[in-house]
Amino acid sequence: MAKHKSNPFDIWKTSMEMGSLALETQAVVTMRMMGIAGLWPVTKSENKRMLSEKLPAFAKAASAATSAALTGGRADQIVSAATKSLTTKARSNRKRLAKRIAP
């Protein structure tokens, strides 16, 4: 069982983490779609990469969420555990793709 109940700040923090994940993900999707259309410089392996990274990323997120749940985490802690690794991966993809166009 959780040591204390969620308070409004805990829920707000989790929603901000989810918002950050959404923004990072949207930036990556946009750059990759522009790359497919020939409007953004991407490597030839980018399409393969975007497919091959999904399963390991979601498996890591599911594992983190499961661990948080099994150790008695609150709902906001479980969601945070899942979004942390996904946000890290999306952010690294965004930075890598953004460098392709920056001088």
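Helices (H or I, at least four residues) and strands (E, at least two) are taken here as DSSP runs, numbered from the N terminus. In that scheme aspartate 10 lies in helix H1, and its relative accessibility of 13% means that aspartate 10 counts as buried, a class defined as under 20% relative accessible area with a 1.4 Å probe and protein chains only, where over 50% is exposed and the range in between is partly exposed.

The model is a predicted one, in which local features need pLDDT of at least 70 and side-chain atom pairs count only at pLDDT 80 or more, while totals for chains, interfaces and linings use all residues. Residues are numbered from 1 along each chain as its sequence is written, and side-chain values use heavy atoms, with hydrogens and water left out.

Leaving aside neighbours within four places in sequence, aspartate 10 is in contact with His4, Lys5, Arg74 and Asp76, contact being heavy atoms within 4.5 Å.

Two helix pairs are set out below, with axes as lines fitted to C-alpha atoms over the stretch in contact and angles running from 0 to 180 degrees between N-to-C directions.

| Helix pair | Axes come within | Crossing angle |
|---|---|---|
| H1 (residues 8-36) and H4 (residues 75-99) | 8 Å | roughly 30° |
| H3 and H4 | 8 Å | roughly 155° |

H3 is therefore roughly antiparallel to H4, whereas H1 and H4 are roughly parallel to each other; angles under 35 degrees count as roughly parallel, over 145 as roughly antiparallel, 65 to 115 as roughly perpendicular and the rest as oblique. The crossing of H3 and H4 is right-handed and that of H1 and H4 is left-handed, the near helix being turned from the far one clockwise in a right-handed crossing, and anticlockwise by less than a right angle in a left-handed one.

The largest nonpolar core has seven residues, namely Leu21, Ala57, Ala61, Ala65, Ala82, Leu86 and Ala90, such a core being a set of buried Ala, Val, Leu, Ile, Met, Phe, Trp, Tyr and Cys residues joined through side-chain atoms within 4.5 Å. Helix H3 (54-70) and H4 each supply at least two residues of this core. Apart from neighbours within four places in sequence, alanine 90 touches Leu21, Glu24, Thr25 and Val28.

Leucine 97 is found in helix H4 and, at 0% relative accessibility, counts as buried. Its C-alpha atom is separated by 9.4 Å from that of alanine 27, 70 residues apart along the chain. Beyond neighbours within four places in sequence, leucine 97 is in contact with Val28, Met31, Arg32, Trp40, Val42 and Glu46.
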